Amino acid sequence: MDKGKSSSNKKKNKAITLEQFVSIMAPLIDMEKEAEISASMSSGATRSLDVAQKKGSTILNLKCVDVQTGLMGKSLLELQSNKGDVLPPHKFGPHDVVILKPNKADVSSPSLGQGVVYQLKDSSITVAFDDIPEDGLNSPLRLEKLANEVTYRRMKDTLVELSKGVQRGPASDLVPVLFGERPPSLSKKDVKFTLFNSNLDHSQKDAISKALASKDLFLLHGPPGTGKTTTVVEIILQEVKRGSKVLACAASNIAVDNIVERLAQHRVKLVRLGHPARLLPQVLESALDAQVLRGDNSSLANDIRKEMKALNGKLLKAKDRNTKRDIRRELKALSKEERKRQQLAVTDVLKNADVVLTTLTGSLSKKLDGSSFDLVIIDEAAQALEIACWIALLKGSRCILAGDHLQLPPTIQSVDAEKKGLGRTLFERLADLYGEEVMSMLTVQYRMHEHIMNWSSAELYDSKIEAHPSVATHKLYNLDGVVKSTVTEPTLLLVDTAGCDMEEKKDEEDSTLNEGEAEVAIAHAKRLVQSGVQASDIGIITPYAAQIVFLKMLRGNDDKLKNIEISTVDGFQGREKEAIIISMVRSNSKKEVGFLSDHRRMNVAVTRARRQCCVVCDTETVSSDKFLKRMIEYFEEHAEYLSASEY
Ligand SMILES: Nc1ncnc2c1ncn2[C@@H]1O[C@H](COP(=O)(O)OP(=O)(O)OP(=O)(O)O)[C@@H](O)[C@H]1O
């Protein structure tokens, strides 16, 4: 059996040195940057627009259907396709930096504005702009995705800083521990604490006590649904109580906001750094911009701006040179004062905060220059590039990383960079280096029926996970409005397409799809809805982009089905649904399974389900892989088995 790396007695790996890390990473970051740039339109003026649309980096033929003001003065533009109800397949995601252009303009022509993707629906994309573009919104438009070069620059800067300046910085004691030069240490005294959240389970309490005792490094290993973020929030509250100043980060904005939302329910002085368009509306009150506007220095800056406006008026009217010169001199002094007040307003907010929250790349903001923290805590650390973690880690003397290296790793675009180790995370590296000496695993899960959980627990977590009684036996038909039927009764379902003439095929982009399997998946979803399950409680997961497009087409815009979420495994990481349908797609005589065999991908797919997990696949094809064979055997033993021909 393939066990998780958390198992004890693991031989410790030799540590990579700081020098080796820097020299290996520098070229890999460049490779990844090149891969991202070549996948986006911004770099190449040569590619045709249609090719760019097919690659998913441009959406052509859009119309602006709504303009709203929100988010601290930002404008939100909602764009829909001129050609139909659903946007063409694309690779835009929330928080991507994008550029809006007239539809027909050539690639290098001027833009109408640069913005950030705020919200995505199947039929529309909403983008936040600093200002509304003045003209051109009434004509057909196109949106291009920009390569995020700033992030790569920040990573390179961090490598340079890591290689030379750390001896004097706040992380000078942490770096040797993270590169295996000095062992991690624990406080000798028992740490006493009273919980803020009295519901925490034994494994969460144990992890918190170890985290508080750690003097430099602690790894919080949180398998699916085990309350990792709940535990992170409690650790932050305990640290603030004992006087620590904390920098809390995660790879994604959503994960950071999730912590902000939960912390905001307590009396903690916190500030969220980041572009307002990237923040959830419910955390905007905690945003740096909002707090700065409320500060004294900010109102002084505001008064100065008013004064400057009046002086500018006088300047326009002034006739003689001496008066003009005097006014200009005064304006210059006021402008300097205004900038100083603005900076002071920002510094005041950051100085007063006990917890500063931002994404990993956001932590390189100039606003944090010179700030140091007693603790840097990183959630989703097993999904972040190691170098991105270092951007935040260099600001602290102690760190706690929370994550699960047995779920999906960060997405890497460059195949070469991935092969050479760019995707190996710091969490995984430290888990290998120090193992249980610095790590605690949460072992009670609050999401899945125990039959869904048991496969993942045995396969990846040494059978250590138990289901909390509140979820251990919960069924779909226990939900309000859901009837008990042959469709809602099973917890696990295996719908076998073997022998049903449902072969996979390739689309024009060389992505794989399986039309017969998609029809079965949608038919099962329809049966669930007919039994009273809410469409929004159902998710269909498939690893292939072409299958997603086909599934969405079958789902159509039917009011009853349109809220069924259809996405890749990556799109569902960190989330859950009452019922999950997995369409595995692969069905071929060569018995090839492609990247389905990645344990982490299948682990995430299955463990998104709370009450029912239905796998649709060709058991003959997928059983050619050892890991998947064991999964099918588990389902054959515990699931309701149906042939796809019954749909
Ligand atoms: N001790 C507990 N008692 C009851 N419910 C809990 C407890 N700990 C966590 N939960 C619940 O379990 C769910 C998952 O918690 P949380 O979001 O903290 O998990 P996570 O491990 O970060 O999730 P993911 O698997 O998505 O990474 C939440 O609904 C949370 O309220």
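This is a predicted model: local features need pLDDT of at least 70, side-chain atom pairs count only at pLDDT 80 or more; totals for chains, interfaces and linings use all residues.
1. In it, the 301-337 span is 92% helix and 0% strand, yet its end C-alpha atoms lie 8 Å apart.

2. Now the inside. The largest nonpolar core has 86 residues, and Ile236 and Ile378 are the ones that touch the most other members. Helix H11 (residues 386-393) supplies the largest share of this core, with seven residues. There is also a second, separate core of 63 residues, with Phe572, Met602, Cys613 and Met631 among its members. As background, nonpolar side chains in soluble globular proteins tend to be buried together.

3. Ile378 deserves a click in your viewer. Setting aside neighbours within four places in sequence, its contacts are Cys249, Ala250, Leu360, Ala384, Cys389, Ala392, Leu401 and Ala402.

4. Which residues of strand E10 are buried on each side? Val355, Leu357 and Thr359 are buried on one face, and Val356 and Thr358 on the other.

5. Strand E8 (residues 246-250) runs parallel to E10 and is joined to it by five bridges, with Ala248 standing opposite Leu357. Strand E9 (residues 270-272) pairs with E10 in the parallel sense too, over three bridges; here Arg272 has Leu357 as its bridge partner.

6. On to the ligand. The shell around it holds 14 residues, of which Gly227, Lys228, Thr229, Thr230 and Tyr446 come nearest. Helix H6 (residues 228-241) gives the most to this shell, three residues. By type, the shell splits into nine polar, three nonpolar and two charged residues.

7. Asp462 is not a glycine but has a positive phi, near 55°. You'll find Asp462 in the loop between helix H14 (450-460) and strand E15 (466-467). Val585, also not a glycine, has a positive phi of about 75°, and sits in the loop between strand E21 (577-583) and helix H19 (599-606).

8. Are those two residues buried or exposed? Asp462 has 16 other C-beta atoms within 10 Å, so it counts as partly exposed. Val585 has 30 C-beta neighbours inside 10 Å; the cut-off for buried is 20 or more, so Val585 counts as buried.

Conventions
Residues are numbered from 1 along each chain as its sequence is written. A nonpolar core is a set of buried Ala, Val, Leu, Ile, Met, Phe, Trp, Tyr and Cys residues joined through C-beta atoms within 7 Å. A residue is buried if 20 or more other C-beta atoms lie within 10 Å of its own, exposed if 12 or fewer, and partly exposed in between; C-beta atoms are placed from the backbone. Helices (H or I, at least four residues) and strands (E, at least two) are DSSP runs, numbered from the N terminus. Two residues are in contact if their C-beta atoms, placed from the backbone, lie within 7 Å. Two strands pair if DSSP finds at least two bridges between them. A residue is near a molecule or strand if its C-beta atom, placed from the backbone, lies within 6 Å of it. Ala, Val, Leu, Ile, Met, Phe, Trp, Tyr, Cys and Pro count as nonpolar, Asp, Glu, Lys and Arg as charged, and the others, Gly among them, as polar.
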